[in-house]
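Hi everyone, thanks for coming. Let me put the model up on the screen, and then we can walk through a few side chains together.

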Amino acid sequence: MSTLSTHVLDTQWGRPAAGVPITLEHQAGDGWRELARGTTNADGRVRDFLPAGTRLEPGTYRMTFHTAEYFRANAVRGFYPYVSVVFELASPDEHYHVPLLLSPFGYSTYRGS
């Protein structure tokens, strides 16, 4: 079974980023098809991002972190209104973790474990 997770950390404050809306999409032809939505919890994670039993097919995916809403809720002026991370899922039986390290004027991501 495919599993996909994320974790958003606010590097300005040194804590998880709660309240970040996230969408997951799969590339289908020339467009994108939305698969899931969620919002990070107090630990900066989205529990049960994909419904139980979901099997992700190999392909290209896009996870969009809607950071403007997070910054606005925390009275912070940010530079990036959203961060889109596009990645390729090669094996549907592996776990994929896509973390985001976020600050008002920068971000970074990597394939986590």
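Is Phe 79 buried or exposed? Phe 79 is exposed, with a relative accessible area of 56%; here buried means under 20% relative accessible area, exposed over 50%, and partly exposed in between, using a 1.4 Å probe and protein chains only.

Quick housekeeping: this is a predicted model, where local features need pLDDT of at least 70 and side-chain atom pairs count only at pLDDT 80 or more, while totals for chains, interfaces and linings use all residues. Residues are numbered from 1 along each chain as its sequence is written, and side-chain values use heavy atoms, with hydrogens and water left out.

On to the rings. Rings of Phe, Tyr and Trp (its six-membered ring) pair if their centres lie within 6.5 Å, and planes under 30 degrees apart are stacked, over 60 edge-to-face, the rest tilted. That rule gives four aromatic pairs. In one of them, the centres of Tyr 61 and Phe 87 are 6.1 Å apart with planes at 20 degrees, so this pair is stacked. Both are buried: Tyr 61 at 1% and Phe 87 at 14%.

Phe 79 pairs edge-to-face with Tyr 80, at 5.0 Å centre to centre and 85 degrees between the planes. Tyr 80 is partly exposed, at 27%. Phe 79, Tyr 80 and Tyr 107 form one aromatic cluster.

Last stop, Thr 40, which is buried at 5% relative accessibility. Its side chain makes polar contacts (N or O atoms within 3.5 Å, one able to donate a hydrogen and the other to accept it; residues adjacent in sequence count only if both atoms are side-chain atoms). The Thr 40 side chain reaches the backbone oxygen of Ala 17 at 2.7 Å and the backbone nitrogen of Val 20 at 2.8 Å.
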